[in-house]
Amino acid sequence: MSDTSNSNNDPSETRMGEALRWAIEAANDPSMAAADWLTRDICSKYTDAFSLLVDPEVSIEHLRDAKTAFKTMRLLGENISDRQLAARLYAGAIAAALVRHGERISTQTDETLQRALVALQADADLPESLRSIAELAICVIQAKHNNGSDNSTS
Amino acid sequence: MTNQIPQTDWSMIHDLSSEERARGKAMERLVRRYWPAIYAYIRRTGRDVHEASDLTQGFITTVILQRGLAQKAEKSRGKFRSLLLTSLRNYLRERHRYEARRKPRKANGEGAVFSGFDIDAAEGKIYDTPEKAFSYHWSAAMVRSVLNSVRATCLTDGFDLHWLVFDARVARPLLFGEKPTPIAELVERLDLSSPATASNMLVTIKRRFARALRAEIESTVDSEEDADVELAQLMKDLERK
């Protein structure tokens, strides 16, 4: 393996470097690196999963994509930490859609969704901004219950 | 061909005999490690996130688990990467033709499967791109696994400083194009006794990395010759042009 000090901006090099950057980032936080790559694949303006989920101007389409991608990671992730993080981010996408767009992008029952959001809100390893969104989403669900509306379908 | 993409059911592996289960668990390990390469390939063929997710799960369930790609890989061995990629291409063609039969294209183009995407035309034009996406993510996943393993053993064996030297002199320059941190700077920053000490530490971890990488590659191929070919391919993926 040779040391290099070259840092040119050739696009093919950038693409290769991007995939491998994911690999080296993964050495420090493997699960987050996988989630961040999925996010960049959805929209390159987002450099990581959290930036998409907490963006106040995120589109509903990007949130639907994020929900799907994180669901896949939850099912196929290599280890428990991958799958657990994916579950949190999956809930985060649903929460962001509720809070930012007033849309339910999940067919889960209120009870199931609320459990996932409570777990997300309580996870101290995650950024406060994302946990706040979960808290707001919980309030949205509870408010609809208090108003007697049925929100079990998306 | 089923109407719906079946959900991944890893429990199928547990229904096998103990020997088959061992092979199945090994296959599950490989699939879980390299699913991003499968997903990346499918995305580069033009499918959106939702289609790519469904097809990734469908490929793993239908081809790898139900059709026994694990057993085929075990019997014929050869390079798992090549077998996986060939199977994936075939699966996508199958799905495309199945969807095309189910949803005939209307005269005005409505109802077209993957509207705007023609897999046969794509093979002539963007076929290289899905291959490269697969190759990047395959290599990245392998490097990820090996770096994780090496870093973990370094920490376990009390080689924390060794890892920091390797990271600053080799890993980051290789992957980010950064300039290697000068040895003198590392000696000062890490309070090492001499430049020779830093160099020896570096050699130690390079050897560990090389052994670990070789072992990982050998788990996916049948022969030493195939391992050599795979290693060359990996280094080609890693090298900057």
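From the N terminus on, the elements of chain B in this predicted model run α-α-α-α-α-α-α-α-α-α-α. Of the 241 residues in chain B, 48% are buried. Contacts in chain B between residues at least 6 apart in sequence include 69% that join residues at least 24 apart.

| Helix pair | Residues | Angle | Axis distance | Handedness |
|---|---|---|---|---|
| α3(B) and α5(B) | 49-66 and 80-102 | about 110 degrees | 10 Å apart | right-handed |
| α5(A) and α7(A) | 80-101 and 128-146 | roughly 60 degrees | within 8 Å | left-handed |

**The pair in chain B**

Helix α3(B) packs against helix α5(B) at an angle of about 110 degrees. An angle of 65 to 115 degrees counts as roughly perpendicular, and α3(B) and α5(B) are therefore roughly perpendicular to each other. On the α3(B) side, the residues that meet α5(B) are Leu55(B), Gly58(B), Phe59(B), Thr62(B), Val63(B) and Ile64(B). Their counterparts in α5(B) are Leu84(B), Ser87(B), Leu88(B), Tyr91(B), Leu92(B) and Arg95(B). By class, this contact has 8 nonpolar, 3 polar and 1 charged residues.

**The pair in chain A**

The axes of α5(A) and α7(A) cross at roughly 60 degrees. These two helices are therefore oblique to each other. Helix α5(A) contributes Leu89(A), Gly92(A), Ala95(A), Ala96(A), Leu98(A), Val99(A) and Arg100(A) to the contact. From α7(A) come Leu130(A), Ile133(A), Ala134(A), Leu136(A), Ala137(A), Val140(A) and Ile141(A). The residues of this contact divide into 12 nonpolar, 1 polar and 1 charged.

**Confidence in chain A**

Chain A averages a pLDDT of 82, and 76% of its residues score at least 70. Among the elements of this chain, helix α3(A), residues 49-54, has the highest mean pLDDT, at 96. Helix α1(A), residues 11-28, has the lowest, at 47. Over residues 1-17 of chain A, pLDDT stays under 50. Where pLDDT is low, the predicted coordinates should not be read in detail.

Notes. Residues numbered from 1 in each chain as written. Chains lettered and ligands numbered in written order. Predicted model: local features only at pLDDT ≥ 70, side-chain atom pairs only at ≥ 80, totals over all residues. Heavy atoms only, no water. Axes fitted to C-alpha atoms, helices over the stretch in contact; angles between N-to-C directions. Helix = DSSP H or I, 4+ residues; strand = E, 2+ residues; numbered from the N terminus. Parallel < 35°, antiparallel > 145°, perpendicular 65-115°, else oblique. Left-handed = near helix turned anticlockwise from the far one by under 90°. Contact = heavy atoms within 4.5 Å. Nonpolar A, V, L, I, M, F, W, Y, C, P; charged D, E, K, R; others polar. pLDDT = per-residue confidence, 0-100. Buried < 20%, exposed > 50% of the residue type's maximum accessible area, 1.4 Å probe, protein only.
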